[in-house]
Amino acid sequence: MPTSDLLRDHSTAWERATRHPFLLGVRDGTLPAGAFDTWLVQDHHYVGDLLRFQARLLARVPRPAQAVLAGGAVALVEELAWFEELAGRRGLDLEAPRLPATAAYAALLERLDAAAVPAAVTALWAIERVYLDAWTVAAPGAQEYASYVAHWTAPGFAGYVDGLAAAADALGGRHDDVVREVLDAEVAFWDTAWDAA
Ligand code: HMH
């Protein structure tokens, strides 16, 4: 299975993108609320960028990968609405500009438009799998973060990640380079919010 090979062969980079100080701070409660808020605003930008990438990729994939990607796109729209509600509650300014790591990740997503479909679907799987794994490292999370951690480790999300793995595996091939790029972008993204702490 290509995706399980990728997990095994990139385990060091995977670990860097998941056992990150930001996530350990969520777990033990040492992450300052301001750093979490900075991250939330940037992730709101990111989810919008990811939704646009996913919509473009949806147009290129064969059936039945379309069903998986379409379901995920709906979930991203709901995620944006959830962020907007949070912004009201936490007093976030969602109009704050993208930080460099967010802009660089958006540029990576745009470059993936030019990648062959199997590589692009594998990249999308890596994006979601590493995010699920990252929040699983933080689980259950300190009291003030526990509801967020639960949101990003919900069984429905894990099921979606399995669906993406099945879609990527069905398309076949080995796509080490895109996985490496995704993992580096994830580390840079956590670094940015951690540096704001
Ligand atoms: C940085 N990576 C980042 N944010 C996300 N929301 C996801 C992945 C998955 O949706």
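The lining of the largest cavity in this predicted model splits into six nonpolar residues, two charged ones and no polar ones. The residues in question are Trp39, Asp43, Tyr46, Tyr105, Tyr131, Glu186, Phe189 and Trp190. Helices α4 (33-58) and α10 (176-195) each put at least two residues into this lining. The space inside comes to about 50 Å³.

Thr38, Trp39, Gln42, Thr102, Phe189, Thr192 and Ala193 do the lining here. Once again α4 and α10 turn up, each with at least two residues in the lining of this second largest cavity.

Next come the aromatic rings. Across the whole structure, a search turns up 21 aromatic pairs. In one of them, the ring centres of phenylalanine 22 and tryptophan 39 sit 5.9 Å apart with the planes at 45°, so this pair goes down as tilted. It ties together distant parts of the chain, with phenylalanine 22 in helix α3 (residues 21-28) and tryptophan 39 in helix α4, 17 residues apart. Phenylalanine 22 has 0% relative accessibility and so counts as buried; tryptophan 39, at 1%, counts as buried too.

Phenylalanine 22 has another partner, tryptophan 190: their ring centres are 5.1 Å apart and their planes meet at 35°, so this pair is also tilted. This pair reaches across 168 residues of the chain, from phenylalanine 22 in helix α3 to tryptophan 190 in helix α10. Both of these residues are buried. The rings of Phe22, Trp39 and Trp190 also belong to one aromatic cluster, whose other members are Phe36, Trp82, Phe83, Tyr131, Trp135, Tyr145, Tyr148, Trp152 and Phe157.

Then there is the ligand. Around the ligand are Asp43, Tyr46, Val47, Leu50, Ile127, Glu128, Tyr131, Glu186 and Phe189. For aspartate 43, a polar side-chain atom lies 2.6 Å from a ligand nitrogen atom. Glutamate 186 does likewise, with a polar side-chain atom 2.7 Å from a nitrogen atom of the ligand. With glutamate 128, the ligand atom is an oxygen, and the distance from a polar side-chain atom is 2.9 Å.

The largest pocket contains about 370 Å³ of space. It is lined by 19 residues, and the closest to its centre are Ala75, Leu76, Glu79, Trp152 and Phe157. Two or more lining residues come from each of α4, α5 (65-90), α7 (117-138), α8 (146-152) and α9 (155-171). Helix α5 gives the largest share of this lining, with six residues. By class, the pocket lining has 12 nonpolar, three polar and four charged residues. Trp152 and Phe157, close to the pocket's centre, are also members of the aromatic cluster described above.

Definitions and conventions. Residues are numbered from 1 along each chain as its sequence is written. This is a predicted model: local features need pLDDT of at least 70, side-chain atom pairs count only at pLDDT 80 or more; totals for chains, interfaces and linings use all residues. Side-chain values use heavy atoms; hydrogens and water are left out. On a 1 Å grid over the protein atoms alone, a cavity is a set of points where a 1.4 Å probe fits but cannot get out, and a pocket is an open set with protein on both sides within 12 Å along at least five of seven lines; lining residues have an atom within 4 Å of a point. Grid points are joined across faces, edges and corners, and a volume is the space filled by probe spheres set on the points. Helices (H or I, at least four residues) and strands (E, at least two) are DSSP runs, numbered from the N terminus. Ala, Val, Leu, Ile, Met, Phe, Trp, Tyr, Cys and Pro count as nonpolar, Asp, Glu, Lys and Arg as charged, and the others, Gly among them, as polar. Rings of Phe, Tyr and Trp (its six-membered ring) pair if their centres lie within 6.5 Å; planes under 30 degrees apart count as stacked, over 60 as edge-to-face and the rest as tilted. Buried means under 20% relative accessible area, exposed over 50%, partly exposed in between (1.4 Å probe, protein chains only). A residue is near a molecule or strand if one of its heavy atoms lies within 4 Å of it. A polar contact is a pair of N or O atoms within 3.5 Å; within protein, one must be able to donate a hydrogen and the other to accept it, and residues adjacent in sequence count only if both atoms are side-chain atoms.
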